[in-house]
Amino acid sequence: MNDEAVMVFRDVVKVYPLPAGDVTALDGVSFQVNRGEFISVMGPSGSGKSTLLNMMGCLDMPTSGDIWISGTRIKDMSDTELTSLRRDRIGFIFQYFNLFPLLNIIENVTFPMMLKTGKGVDPERGKEVLRAVQLDDKLFTHTPTELSGGQQQRVAVARALINNPDILLCDEPTGNLDSKTGAGIMDLMTDLHRKGTTIIMVTHDPHIAEYSQRTIQIADGRIVS
Amino acid sequence: MIFWEIAKRNLRIHLLRSFLAMLGIVIGVVAISTMGILGNSMVLSVSDSLRTVGDSVIVTPHAGSGSHGFGGGGSSSLTITEQEFQQIKRVSAPNTAIPVLQTSERMKLGVGSDDIVGIVYGLNPDDVPALLKLQEGDYNRGNSGCLVGATFAKDNNVKVGSRISMGKDGEKGTLRVTGIIEERGMAFDVSTDSAVVVTQDWFNTIYDRNDYDQIVVKVKNLDEIADVKIAIEKQMNKRDTIVDVMDTRKVMESIFEAFSSITLFVSAIGGISMIVAGVSILNIMMMSVTERIKEIGIMRSIGAQRREVMSMFLYEAVILGVVGSVIGGLLSFLGGYAISSMILQTTKYLFVPSTMIHIVYGMAFGIIVCLICGIYPAWRAANLNPIDALRHE
């Protein structure tokens, strides 16, 4: 593993034991993501994309094989350590935005920062990141339900960026947006990538995948290209 | 800090649900505290009524013995002889032994008024100050005067200086009221509230008596009360049981123990309502967790630790518990005030620490029940699998 690698998968196998028989979701997956890369992961339904995403996000553990994230081998880490790793090193962007309806925009954006520092809201840092994702200042004190889908996804991107993560993990980031708004979000991603952010994006949309530098194709739990 | 804020906002957004959960706690706290307040107030009330006789050993002729006395030659009636009194006096020393005579008598309180029947006590004037306190007038020294109880005075409009004709048509003479005795309430020795107290000499002369109905031993050091009782029993009941000896403090302790048990029992019944409230909290918290599974999944995936998720739900339980308990505490105070006024006719026992502590007990129990009932839902939320929680719709 070189210094540039922010994520390394080596012979990762994931088997789900089910009453009807074991299901192999990932079958010997190996790849590396270097700092500053913009990668998309594509594949049909049931190919193992979600399992791969969960592994990349330290939400699930491989049955065998090894995963390193930001130089840390995640095998044998405790739940507390994995949670801290997610908080400090990984930014998550979901298809359905997944903002907290009880919190306003600034509070939503700074939520991971509050988890990290144990302190209250830092409005200045929140505003700084929200401006970076080109969200109108007037919306900062609104609640998520008062925002459009595109605006909510920008807030979600800002939340993912607040702790300066090593990797931005995106799960169908435009899947719930119209094409124009989706294009706006992808422009934002491209801009973030240009500024040095490492992005891994799971998508089934080839047009969206075109924004990335490289695509990992997955089928039946194996990387096919 | 943010989790505290989320907990508050979640309760506020589900205001009706939070209110109903809290209502259960309020009712539970009120039930426990009010019962405790009432029970303790009653104990204090009885204690106050009996306080004046809590330092006495009462010696009465043994019930069931037709005749007694030394050598089998005593009086056939149930009385204590002068000789027996002297013996009791000697073994009780240095405590004061007070002989008491008692009868009932017809009396008239003024010209034209109807005859009434009242209790008459005969006491040595030297002993009276040790036994009775006056609320008005002076102690009676001579045979032409008497004291009356507070209720007697009130009911019959008797004042210091009033005259009472004793016996039918005043045949036993007329007595002038020199003082009114302070209210004593229930008593084991002499119940003077509705009685007339005359001198022993007058009593002996009028009723031709030279024995006593009971002996009251006023014990100076309360720690010795049991010893005095034993000494009298040992001395008097050597061969046959000729006197019954009652330690009033022991009786009072038994009464208080009984009251405490009753208070505990009724508070425990109140506690059942608190447990019902706890189940309601548990139910509502479980509902809250189920509704927010996805939110919990998001929190966990972006870096919230299990303990932080747990704290969020525990904060909700604490808020419900504290707010419900404080409201319950205030209502308990008002309820206790109202019940004391109605049942005991006084609220003076409400403002004493041993009564007020029942409000604290009720509130503490409310908060603890909420916390305990919040633990399982919070634990469940904290231990949800983030992947499953994220997929939850």
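**View 1. Strand 3 and strand 8 of chain A pair side by side.** Strand 3 (residues 38–42) of chain A and strand 8 of chain A run parallel and share four bridges. Strands are DSSP runs of E with at least two residues, and helices are runs of H or I with at least four residues; both are numbered from the N terminus. Two strands count as paired if DSSP finds at least two bridges between them. A:Phe38 has A:Ile199 of strand 8 of chain A as its bridge partner. This is a predicted model: local features need pLDDT of at least 70, side-chain atom pairs count only at pLDDT 80 or more, and totals for chains, interfaces and linings use all residues. Residues are numbered from 1 along each chain as its sequence is written, while chains are lettered from A and ligands numbered from 1 in the order in which they are written.

**View 2. Strand 7 of chain A also pairs with strand 8 of chain A.** Five bridges join these two strands in the parallel sense. Here A:Leu168 stands opposite A:Ile199 of strand 8 of chain A. From strand 7 of chain A, the chain passes through helix 6 (residues 179–194) of chain A and on to strand 8 of chain A. This β-α-β crossover is right-handed: with the strands pointing away from the viewer, the path from the first strand over the helix to the second runs clockwise.

**View 3. Strand 8 of chain A is largely enclosed.** Is strand 8 (residues 198–202) of chain A buried or exposed? Five of its five residues are buried, so the rest of the structure largely encloses the strand. A residue is buried if 20 or more other C-beta atoms lie within 10 Å of its own, exposed if 12 or fewer, and partly exposed in between; the C-beta atoms are placed from the backbone. A:Thr198, A:Ile200 and A:Val202 point one way, and A:Ile199 and A:Met201 point the other way.

**View 4. Six strands of chain A form an open sheet.** Their order is 6-7-8-3-9-10, and the pairing is mixed. Which strands sit at the edges? They are strand 6 (90–93) and strand 10 (222–223) of chain A, each pairing on one side only. Strand 6 of chain A runs parallel to strand 7 (residues 167–171) of chain A, and four bridges join them. A:Ile93 has A:Cys170 of strand 7 of chain A as its bridge partner.

**View 5. Two residues other than glycine have a positive phi.** A:Cys58 has a phi of about 60°. A:Cys58 lies in the loop between helix 1 (49–56) and strand 4 (64–69) of chain A. A:Cys58 counts as buried because it has 24 C-beta neighbours inside 10 Å. B:Asp208 has a phi near 55°. B:Asp208 is in the loop between helix 6 (200–207) and strand 10 (211–212) of chain B. B:Asp208 counts as exposed because it has 7 C-beta neighbours inside 10 Å.

View 6. B:Pro94 lies in the loop between helix 3 (82–92) and strand 3 (96–108) of chain B.

**View 7. Chain B touches chain A.** The contact takes 18 residues from chain B and 18 residues from chain A. Two residues are in contact if their C-beta atoms, placed from the backbone, lie within 7 Å. On the chain B side, helix 1 of chain B gives the largest share, five residues.
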